[in-house]
Amino acid sequence: MTLLFTLAAMPMAAQTTRLTRDARLTKDPGSGTLGTLLAGTPVSLGAPRGSSVEVTLEGWIFSRSVGPFDRDNFDLAITARPQENLRDAPNGSVVARLVSGTGLIKVDAKGA
């Protein structure tokens, strides 16, 4: 099963843009790295927080790479070590690499 998830809680009316370079993904400004968003990845921009900005990111990940999680409003977490690819479609292009333990919100599931 491949999972579609949304990372971050923001209104979907936010401005969408594509990253022009790789970007570090964190829970809060100054906190540890949750992954790397790759150049070209579409994200919905939210509120600025200092030199950072909140984003909403949707993508697909293999179900074997996640497990149940119940913290900070996330229902899944990356279990693959040390990281797993996030794709723009089931078996699609890689848009990010997320580290083990990163929380996710499941939106949909298709196949494996």
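**Entry 1: rings.** I count two rings of Phe, Tyr or Trp as a pair if their centres lie within 6.5 Å. With that in hand I searched the whole structure, which is a predicted model, and came away with zero aromatic pairs.

**Entry 2: overall make-up.** Next I listed the elements and found 11 strands and zero helices. Read from the N terminus, the order is β-β-β-β-β-β-β-β-β-β-β. I then looked at burial, and 37% of the 112 residues count as buried. The accessible surface came out at about 6300 Å², and carbon and sulfur atoms hold 50% of that area. For contacts I took residues at least 6 apart in sequence, and 57% of those contacts join residues at least 24 apart.

**Entry 3: the core.** Which residues have the most contacts inside the largest nonpolar core? I found Leu37, Ile78, Leu98 and Leu104, in a core of 16 residues. Strand 6 (52-62), strand 8 (74-78) and strand 10 are the elements that each give two or more residues to this core. A reminder to myself: in soluble globular proteins, nonpolar side chains tend to be buried together.

**Entry 4: strands 5 and 6.** I moved on to strand 5 (residues 42-49), which runs antiparallel to strand 6 and is joined to that strand by four bridges. I checked Ser44 and found its bridge partner in strand 6 to be Thr56. The hairpin of these strands has two residues between them, and there Gly50 takes a positive phi near 70°.

**Entry 5: strands 9 and 10.** Here I looked at strand 9 (residues 83-87) and strand 10 (residues 94-99), which pair over five bridges in the antiparallel sense. Arg87 stands opposite Val94 of strand 10. This hairpin has six residues between its strands. Asn91 is found in that loop, and I noted its positive phi of about 60°, although Asn91 is not a glycine. Is Asn91 buried or exposed? I read a relative accessible area of 61%, so Asn91 is exposed.

**Entry 6: other backbone points.** I kept in mind that most residues other than glycine have a negative phi, and that most peptide bonds are trans. Asn73 went into the notebook with a positive phi near 70°. I located Asn73 in the loop between strand 7 (66-71) and strand 8. With a relative accessible area of 73%, Asn73 is exposed. Then I turned to peptide bonds and found a cis one joining Arg81 and Pro82, with omega about -5°. Pro82 has its place in the loop between strand 8 and strand 9.

**Entry 7: Thr41.** My last stop was the loop between strand 4 (33-37) and strand 5, where Thr41 lies. Why does Thr41 count as buried? Its relative accessibility is 1%, and buried means under 20%. I looked for what Thr41 touches, leaving aside residues up to four places away in sequence, and listed Thr17, Arg18, Leu19, Leu57 and Val95. I also took one distance: Thr41 and Thr20 are 21 residues apart in sequence, and their C-alpha atoms are 8.3 Å apart in space.

Conventions. Residues are numbered from 1 along each chain as its sequence is written. This is a predicted model: local features need pLDDT of at least 70, side-chain atom pairs count only at pLDDT 80 or more; totals for chains, interfaces and linings use all residues. Side-chain values use heavy atoms; hydrogens and water are left out. Rings of Phe, Tyr and Trp (its six-membered ring) pair if their centres lie within 6.5 Å; planes under 30 degrees apart count as stacked, over 60 as edge-to-face and the rest as tilted. Two strands pair if DSSP finds at least two bridges between them. Buried means under 20% relative accessible area, exposed over 50%, partly exposed in between (1.4 Å probe, protein chains only). Contact means heavy atoms within 4.5 Å. Accessible areas come from the Shrake-Rupley method with a 1.4 Å probe; for residues, only the protein chains shown count as cover. A nonpolar core is a set of buried Ala, Val, Leu, Ile, Met, Phe, Trp, Tyr and Cys residues joined through side-chain atoms within 4.5 Å.
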